[in-house]
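Subject: Model handover and findings

Dear colleague,

Here is the model for your files. Please look it over alongside the notes that follow.

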Amino acid sequence: MLPLYLSIEGLYSYQNKQEIDFSKLTEGGLFGIFGNVGSGKSSILEAISFALYGETERLNKQEKRAYNMMNLKSDNAIIDFRFLNFEGRKFRFIAQWKRKKRFEETTTIERFAYEWKAENWIPLESTDGAAVTNLSYPNFRRTIIIPQGQFKEFLELKGKDRSDMMKEIFFLNQYDLGPKVGMLQADNNKKLENINGALTGFEEVSVEILTSKKEEFELALLNLNLIKDEFEQVEKSYQQLHVARENRKVLAAKQQELQALYAQKAQIQQYEKELAEYESVSQHFKEHINNLHSLTYHKELLLGKIEKLKDAKGQLMIQIDDTDHKLAGIRADYDSLDTFKKEVDDFKLLIHNAELQAKRTELESRIEKGSPIITQTAAREQQLNADLNNEEQQLAKLKDEQVNIAELLAIERWYQINDQYKKQSADIEHKLQTLEMELESHRLKFSEQELSPNNWQQALQHKFTAFDNAKLLWSKKESEVRLKQELSHYISNLKHGDPCPLCGAMEHPQPMHADDVSAELQQLQQEHVQLQQEEDALRTLQQDLANVATRITEKNNQLLNLEADLKAVRSQMEQHDATFVWPVFERENRSAFELQKAAIQEKENLIKNKENTIKSLREQLQLTKDNLVKYERSIDDLKNQRLLIDGSINQNIQQLKVLRTVDHNLNTVQELMQKSTLVQEKIATTQQQFTSWNEANILAKNQLASILGQYTEAHEQYIAMSNQLQQIQGTIKGLLKTFMFDDITQVKSILEKPMDSNGLKKHIQQYHIQVSSIGDRIQELHQLTRDDRYTEQLFEDTIQLYKFKKEEQALQLTLTGALEKELQRLTLELDKKELLLTEFNKLSARKENLRLLDNMFKGNGFVNYVSSIHLARLCEVANLRFHRLTKNQLSLCINDNNEFEVIDYLNNGFKRSVKTLSGGQGFQASLCLALALAESIQSLNKSERNFFFIDEGFGTQDTESINTVFDTLQYLQHENRVVGIISHVEELKERIPRAITVVKDPEKGSFIF
């Protein structure tokens, strides 16, 4: 991640909006944020973390975070942070909230996230910074922005916590294969159980059983074929006898049907006679009778229509007479419609004149009221001009008395620099005194041991040599006493007649006298303990004096540097004194300058007040002039509007056509509008009535003409129908005479009979067809039954044999089918069993492999192993710098629990906990690890540049260590890395060229310069 821009407003001590352009700070690779304790330096890092993650190290959500984070003099808080992530993509995160009406209440904190695409900020769905930085909030604090008190957290984390951190940063979860192996084991075991369960159903399936079933099926199939042949022969005989029997039954039935048809012959002949008579009458009379009835019916309808047309004609004639009378009554008003319309137009002109007259009266009133205001405004303008001239004269007089501000500022700058030099000189002298005291204290430690700081090592070496000689002497004495002790054991056990264990002699004339050496051995042991204690004390003294000598050397170097600095400061003070060229003031008397400065500032304030007064008068004068012009223009506009109204009134009077102005001068606008409305209503009523009645009259006359035409047409049709009726009646009379009917009644009775001629024809035809077809069939059946040799006994015997053979075939077929199905089932089951056994063997082998994998990945063992590899690599990279910072005295390593330890090369390379490091050493180790971790993250994310902040630790370093750390940080510029330092140490501020300074004002809050 690389920061680009940050703005803070209303957060902690930042009352007003402050902005940081990181793009300029990060160009050099190393930059600083400096300021006094409590100025708001760490708040910058907290703002970045809060914008990205909505989390802060100081406060949690339950601690009224929104209220406590907001500046007490601000009403809103806004954080705007922009940066490039490891992919080079540009993002923007914003956090904002406001204070409500109640001072202690705030709105909910709102956070927004954007990405820069196509020259626009595009909103993101998630405001979680982890999605774009690939780091959770805790790991972000450990690797990118390290707040106060947290710099050593990564160094002192326990093994599990550090492994969890490594998992997230280096994506080690991909190596956590234990759960996946467990899932595979569960799935594999489930499959094995299923196959075991399935195999229990195949216990009776084997190759031997399958072979036996095959032989049994082949035998049953042979028997089935024999039975089929026998059944086919019996079935053929049965079918022949069955056909013969059915033919005899059909012959008897057909003979009965023929006798029944012969019984219906007389009835059929009667039907044929009646049908012939009906068809003859229908053919000659039916059409003429139907035409007679139709003409009679239509003649009656036409007569009724003629009567209705007579009545309609009378009503229309009455309506036409009434409408003509009404039209004659309104004819005069209708002819005067043009005159009425002109009156309406004249009324509109009169109404317009009345409205214009009202406006003219209003304009006269406004002109009368506006004239005094113009007079007053002009007087106000003259007074303001006089006041302005007076104030300008006074200002010119004050400016003539004004002193040179540039010279005053130069003098003040000289005094400020002089104070800084004095402060620097005093600080250096104080440090020199402190160093002298510390050196005296260190030299005193040598004096207490009666040693010289110059040759103490040789003196101690002599003492160590003396100790070595004493230990040799003590060792010799101990050997002699031990020898006596062993010999005393032999003497006490020596008996006469027993061989000597040393020389083998059987006789012992003068045995050695054995003394008790226990007290002597105890004395020697005490002497050894005392020698060891004295040697340990001497070695401890050697280590302490070595440390003191190192400190004396460092202090002497610091003393030389401070003396050189003091000399440089005094030289600068002398040069600065030479630049004091103002004889009016004294170098050492700044109070006189301050009094003069206060008097000048008072006069400057007076000039400024005069300028503000003049500015205010000029603004008032300009406003008065503008108002005067505006008022005069308004009066002129009103007068012009009055002239226009007079012209419009005269023009309207000239346009009157019917009415006269004198007749309506006393009428109001409302009265004129009422009169105009009455005329308009009369016009509308006359037009509507005349049009309606005229259209009704025309419609009635058209209807009358239509009715007269219909009446004439209907009368002509009536005459024609009467002639047609006479002709049809003559034709019917001739037909009655021809077919010898007495009258028309006989003909109608025949036609009215309920006879279905078509159905009756069909019935007679079907009767003759049935008689013919049944006779033919009877002859055919006589031929078929003549030579079939059929008997009832033969048929019964054949039926019994047929049923027996059929049942026998069905049984054998069932038996053979069952054997075939069982054979197929056994074949399939045997194939399934072989497949299951094959799968069972594969799963069993897989079970064993998964068991081995489970043992390998159990308990995050593999992840911890990979994590330890990464940690070891971090140690290697960190030690490249840590060795240099500690002068090859210390080194970092990883123990079996993935925890950091320190190898101490000053103590034979023994390992010890990192918690035993001093504050300065802990800072150095944490810095080296942070740099190594940043390199790993940069390599993992393939980012071109990486960045992190350091917010503590430099106050724990001495001058030489600060120099080493600073050289290390400066070297990062060549590694394309960016490091930000937050500190109050002045030495660092002087050595870091790119930096910002945070200054806290008691009233206005923190400012960034």
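Strands pair if DSSP finds at least two bridges between them. Strands (E, at least two residues) and helices (H or I, at least four residues) are DSSP runs, numbered from the N terminus. This is a predicted model, in which local features need pLDDT of at least 70 and side-chain atom pairs count only at pLDDT 80 or more, while totals for chains, interfaces and linings use all residues. Residues are numbered from 1 along each chain as its sequence is written, and side-chain values use heavy atoms, with hydrogens and water left out.

The sheet

Three strands form an open sheet in the order β9-β10-β11, with antiparallel pairing. Strands β9 and β11 (910-913) are at the edges with a single partner strand each, so one side of each has no neighbour in the sheet. On average, neighbouring strands are turned by 40 degrees against each other, direction ignored (axes are lines fitted to C-alpha atoms).

β9 (residues 890-894) and β10 (residues 900-904) are joined by 5 bridges, and I894 is opposite F900. The hairpin they form has 5 residues between the strands, and N898 takes a positive phi near 60 degrees there. Between β10 and β11 there are 4 bridges; V902 has R912 as its bridge partner. Of the 5 residues of β9, 4 are buried, so the strand is largely enclosed by the rest of the structure (buried means under 20% relative accessible area, with a 1.4 Å probe and protein chains only).

The cores

A nonpolar core is a set of buried Ala, Val, Leu, Ile, Met, Phe, Trp, Tyr and Cys residues joined through side-chain atoms within 4.5 Å. The largest has 45 residues, and L6, I44, L52 and F949 have the most contacts inside it. Helix α2 (residues 41-53) gives the largest share of this core, 8 residues. A second, separate core has 28 residues, including I417, L432, W474 and I552.

Aromatic rings

There are 14 aromatic pairs in the structure (rings of Phe, Tyr and Trp, its six-membered ring, with centres within 6.5 Å; planes under 30 degrees apart count as stacked, over 60 as edge-to-face and the rest as tilted). F81 and F83 are stacked, because their ring centres are 5.2 Å apart and their planes at 20 degrees. F81 is buried, with a relative accessible area of 0%, and F83 is buried with a relative accessible area of 0%. Ring pairs link F81, F83, F91 and F93 into a cluster.

Regards

Notes
Buried means under 20% relative accessible area, exposed over 50%, partly exposed in between (1.4 Å probe, protein chains only). Axes are lines fitted to C-alpha atoms, for helices over the stretch in contact, and angles run from 0 to 180 degrees between N-to-C directions.
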